[in-house]
Amino acid sequence: MDTSYKEKVKKILTAAVAAPSGDNSQPWRFVVHDNSIEFHYLPERDNPIFNYEKGGTLIAIGAALQNAELEARAQGYTPNAIFNEGGGSCVAVMRLTGGGNLNVIQGHMREAIFKRHTNRRAYEKIPLSREMRETILSPLISGSADPKLFLIESQEAMEEVSRALTTMEETALGNQTMHKLFFSSIFWSETRNRAGEQGLYIKTLELPPPVQALFWLLKYWHFARFLSSVGFPKFVARTNAQQNASASAFGMITAPQLRRVTYLETGKMLERVWLLVAAQGLSLQIVTGITFLARSIIHNPDTALLLSDEEQEHVRAAYAIIKRNIDEEYEPIIAFRIGTSSAPTEVTYRRAPEITFED
Ligand SMILES: Cc1cc2nc3c(=O)[nH]c(=O)nc-3n(C[C@H](O)[C@H](O)[C@H](O)COP(=O)(O)O)c2cc1C
């Protein structure tokens, strides 16, 4: 393998790992051959409760594939990704042949790969321009039938979906297991963030200073349980729902049936939309815990047992509301909000990609 090929592959994979992943889990490693790259997934890095069918991990790999494809084109290759539908850790192989380049939109998307960041600030209520809506829904970005992107823009529907989505906060602050899970993913150290560690750095949550202080106490279940008894989780969920509904739109990537390839395509589509809106100076935040939790409790009795009957009912009802606002025939895979905001206070870093060169 010559050095120039290795250098190009490193560029491609550095772009790949700039992709989003649940709690910045970075659930990937790569094996490089002459003219091809294997994408291996590491689902053990994602929490099983939020990873039914390894969906979260596969979405992250899909997003990484999308970035890699754009960077491969910039490096002069024509990438061709083949999904591995069987078992095994290698979920996709990207073949690289010569003669590739980027069209104008792909060029803008590639430039946004390292500028794309989760933005959890409040967004301004500025409607999407017609041009932006049409580009998001165009064949190049998200115009496929499966998975399919729904944009929710009417105020009434946004408020309803927003409240359903924040059932997640309500559950995370009121249920001991969910509470432990949520707080174990948050860290307070800037050094850990800069080192690209897995988890959520507190400053990226964009909490107002008094709430940040409260978070120190909230991580203790006794304190959270006391606040729960006086209705605090509902209050947080309502406040967050109001803030999220002030976005320009909710996006929902959906499919009638969920297979391994559906999750990978969902990740690719998510990343295309995100890069496109980032290139136009818009912000995006994934707000999807509830869709993952709902699928997990519907299909996995062990997860269902972690919640009281009342909590389960609440989560199922939220999922039903989301479905009603898209199409009952489609499962909502991942939800996000798009809008206008100032830049995030702090961004999340990555570890260098783990690459094995098979000379
Ligand atoms: C499958 C998946 C689920 C996610 N769920 C959420 C979520 O519910 N809320 C949220 O704020 N971010 C969510 N994220 C965003 C990640 O936390 C974020 O991508 C990661 O911390 C890296 O930060 P970055 O996007 O700024 O690069 C999710 C990302 C993925 C891929």
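Into which domains is the protein chain divided? The chain has domain 1 (3–116 + 348–357) and domain 2 (130–339), with bounds from an automatic or database domain assignment. This is a predicted model, in which local features need pLDDT of at least 70 and side-chain atom pairs count only at pLDDT 80 or more, while totals for chains, interfaces and linings use all residues. Residues are numbered from 1 along each chain as its sequence is written.

**Domain contact**
- Between the C-alpha centres of domain 1 and domain 2 there are 23 Å.
- Domain 1 puts 39 residues into the contact and domain 2 puts in 38 residues; two residues are in contact if their C-beta atoms, placed from the backbone, lie within 7 Å.
- On the side of domain 1 that touches domain 2, at least two residues each come from helix H2 (55–74), strand S4 (90–98) and helix H3 (104–111).
- Helices (H or I, at least four residues) and strands (E, at least two) are DSSP runs, numbered from the N terminus.
- H2 supplies the largest share of that side, eleven residues.

**Nonpolar core**
- The largest nonpolar core has 88 residues, of which Phe39, Ile61, Ala64, Ala68 and Ile290 touch the most other members.
- Such a core is a set of buried Ala, Val, Leu, Ile, Met, Phe, Trp, Tyr and Cys residues joined through C-beta atoms within 7 Å; buried means that 20 or more other C-beta atoms lie within 10 Å of a residue's own, with C-beta atoms placed from the backbone.
- H2 gives the most to this core, eleven residues.
- Domain 1 and domain 2 each contribute at least three residues to this core.

Conventions: Buried ≥ 20, exposed ≤ 12 C-beta atoms within 10 Å, placed from the backbone.
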